[in-house]
Amino acid sequence: MGRGLFGMMSPSSRILHCLLLLVAAVCGTVISLPDHLVCNLESEAVSSLSQNDALTLAKRISENCVITHRKCPKTGEERMLPFQVAVALISKFHEFSPETLTSLGQVAVGLSVTQIESRIRNEDLLASLPPLSKVRGWNAQQAGAVLRKLFRSGYQMEDGRSLAALGSLVAGLEEDRLQGLPPSMVLEALKVPGFATQLENLSPSQKRVFVDKLITATGGFEGLVKHIPEELAPYVPKSLLVPVGEFNIQDLSRQPWTQEQAAVFFDDVIRTVHNFSSLSASILHGFTCAAASNLNTERLQELAKAMKEKKVQLGKDQLLCLADRLMLRGMPQEFNDYPEDLVLFVSPSDYGAIGSCKEYFARVGRANVDLLEKGSSQRKQLLAEALDCLKISGPHVNRENAEILGRLACDLSAEYFKTSGRNLLKQLTECRSFSPDQAKAIQVLLCSGNTPVGPPSEWTSSTLEELSGLFPVFDHCILQKIPASVLMPRLKCFLHKSHLPRKDLAALGKNLRSPRHKRATACAPDRNITDQEAQDVLLPIEYPDPEELQACLGDEVLLRNLGFLSEYAFSDEQMAVFKEKLDKIYPDGYPDSVLRNLGGFLTLMGPEDVKKWKFNSNETLAALLANEPPSDLAAAIISQYIDNGGPLDAEALNAIGTDYICLLEPAQLKKISEEAIKAAEPLDPSSCNQTTKDILYPKAKRAFSDRHNPPYYYDLIKPYLGGAPGEDLRALSKDNVNMNISTFMGLRKDAVLKLTPSEVKALLGTNLPDLKNQKDNSPLKEWIPRQKQSELDRLGFGVSGGTPDGYIILPPSNKRPAQTSGATGGLALHLFPSLLLTVSLTAFLS
């Protein structure tokens, strides 16, 4: 607990905080505490221990606790000890012998990089490898420092067992050394019990290197699926998951495949399996419309039941397809046995065949309504129909109706929150976001105490857990009333796990500060920031004044703890302090070690700063872009990487991803190889400009040419089809691909204009009816007038606007049509001579 935060506590809260210290005083020392209290220690409680007592306590901590940076207490959860306690215990020692390192056990995770490099002899580190390899929670910098000394001491990785002996330290393997590992060594190491679990903490780029080695060592789909550990499975490229020959479904089912991976082999699996319930959720969520079209109604119903049984989460397009297929013969009587979210794509009138409107909206309330965009016409219509069904004409909602509304309550106006907040509180905790008016209504409600959980001053840890979904809207009125002993542990957890923007988190921290807080102009003797305090997520609240932060944070502490500090919720003014310090330390540009740990500080940088950076490592590129910089800054980072000689290989493409692929210039795009596209995670350039699509499509086509069998090839090439010419689309129309409407509408207009109605029908398959809702959008609105109405009628979905029989349809120009609003008018002028000829012939013949 920080010094400033202790002063914020009420007298009763201070008593609670001191309880452990008082118990320790009665018992004589904290090492006399019972085992069930040891994990509740704070760093202050161990500050006066001797070295012997510190080792004794370290042993008990290793036996009873999990040391973590993220103390998020929950009922029944494993006992967790704050990381700062380990740091405090480590500070008792100036040198670390093999005996000391062994005795520290799990507490060794508190070693800093400086301590590893300067206070442990190489030979002592080598002798201490067995206990150090079992320490949980090393970060990459710590593990890297240990391994550098280990290799300098003469340690050799000669076989799989010597690689596996690194244990949790494997996270510190540098890229060059990792790339140099023989594939057979990696395969052998993964067969050593317990080693695979150590790979969980590797970076994504490290995991992909292990996957590449394993691909080479196993030589094919069946061997790869058999030997890949679950920690690496999500990183296998889609293009390598095409089944070849026989395969073991049990091996497939035990892996946590992503939805995109599972989609590749989903069709093969369901053709092979008789009992769909035997499949794992990670296979079932690979459901594709193409595969569904090959199942009869009975089998599709069995599949839907298995999905609900395994609680499979499907996407919007998947659910739309499943609903359309299941509803072909009307509302199934067993609909309630299908996935919960399916109800969002069935109308209340259709559901009326098997249940009441209340039953329907109760199901909608339990479903994930966020599959529908908030504010969309569909969500607005659902809410309006729900209020009508429940006969809610004003802002009062009783508890029974609140339960029925469920997540639909998130769309109610602020007036409902003000009037019926007591009854809606449970539902509001599940909302993902609120409008400013909604948030204000919730703040007034909670601060008033007129809720089932009572006033904030009486809240407990379980109350905060119950209200965790509303944490982002807590304001000063609420936060100042919650007992500090209740708030601070939960606040740490929230700040670590929250996906809120940094500015929102900083505003939350500001609400905790006293409005009478005096600004400091210098650093008081007891306010110098130590390593231990720099690793506390509440530091922005402890040091709210930029001037004090500037004065109390030393350069060495900053650099040692940059990875921690850059993730905290500092205000813009506080963050400016860090940039000023870093610019002073590195006036000619930041090194890779800093760039990889910039985190939230990246928002302070501009293109001029980026030009000073001399990095060309794709690992550094990935670390920078993982911070989600704005487009102009991301473009500058990518260009600097390429200009410095960084290759656009698979790892670079994974770092750039769909979010930033559209930023690449044509000259940069041309440097991407087919091999890189094949090995990279799926990219989706569908929102890019046409030039980007046209460059990437032929590269992707060549990359996946060895998978030119439906549905595998289509699944791989689909994101790139926005650059496909008409002849390639015509070829796809023969492969029963069941193209969804969003993919079709993203095709090149000139390519679509070359397709006949029968080819469009074959291309869309079961999704053909969706065309009707897109008839006024490009490229469909330009395609329709070019088709004979009689051929459009044969499609069977009621689209008009085609050319009457007897008219001559001119083929589209080879030149891509210009984007003008007069396209249809221009077509009419072209048709005028044909119309005149038709009228003349008719008159002559009559």
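Modeller: Glu-628 is exposed, at 64% relative accessible area. The cut-offs: buried is under 20% relative accessible area, exposed is over 50%, and partly exposed lies in between, with a 1.4 Å probe and protein chains only. Glu-628 sits in the loop between α40 (618-625) and α41 (631-643). Its phi is positive, about 55 degrees, although Glu-628 is not a glycine. Most residues other than glycine have a negative phi, and most peptide bonds are trans.

Some ground rules. This is a predicted model, in which local features need pLDDT of at least 70 and side-chain atom pairs pLDDT 80 or more, while totals for chains, interfaces and linings use all residues. Numbering runs from 1 along each chain as its sequence is written, and side-chain values use heavy atoms, with hydrogens and water left out.

Lys-311 also has a positive phi, near 55 degrees, in a residue other than glycine. Lys-311 lies in the loop between α20 and α21, and counts as exposed because its relative accessibility is 69%. Helices here are DSSP runs of H or I, at least four residues long, strands are runs of E, at least two, and both are numbered from the N terminus.

What about the helices that flank this loop? Two packed helices are described by the angle between their axes and the distance between the axes. The axes of α20 (residues 297-309) and α21 (residues 316-326) come within 10 Å and cross at roughly 135 degrees. Axes are lines fitted to C-alpha atoms, for helices over the stretch in contact, with angles from 0 to 180 degrees between N-to-C directions. The pair is therefore oblique. Under 35 degrees is roughly parallel, over 145 roughly antiparallel, 65 to 115 roughly perpendicular, and the rest oblique. α20 contributes Leu-300, Gln-301, Ala-304 and Met-307 to the contact, and α21 contributes Leu-322, Arg-325 and Leu-326. Contact means heavy atoms within 4.5 Å.

Setting aside neighbours within four places in sequence, Gln-259 touches His-285, Gly-286, Phe-287 and Gln-318. Gln-259 belongs to α17 (residues 259-272). At 30% relative accessibility, Gln-259 is partly exposed.

The contact includes Tyr-360 and Phe-361 of α23 and Leu-382 and Glu-385 of α24.

Back to loops. Asn-597 lies between α38 (592-595) and α39 (607-610). Asn-597 is buried, at 16% relative accessible area. Beyond four places in sequence, Asn-597 touches Gln-141, Leu-562, Gly-563 and Ser-566. Pro-779 is in the loop between α50 (757-764) and α51 (780-783). The peptide bond from Ser-778 to Pro-779 is cis, with omega near 5 degrees.

Last, α45. Its 14 residues (690-703) should span 20 Å at 1.5 Å a residue, and the end C-alpha atoms are 20 Å apart, which agrees. The expected span is 1.5 Å times one less than the number of residues. Buried residues of α45 include Ile-695, Leu-696 and Tyr-697. The buried residues pack against α43 (666-669), α44 (674-679), α46 (712-717) and α47 (726-732).

For the whole chain: 53 helices and two strands. Of its 846 residues, 52% count as buried.
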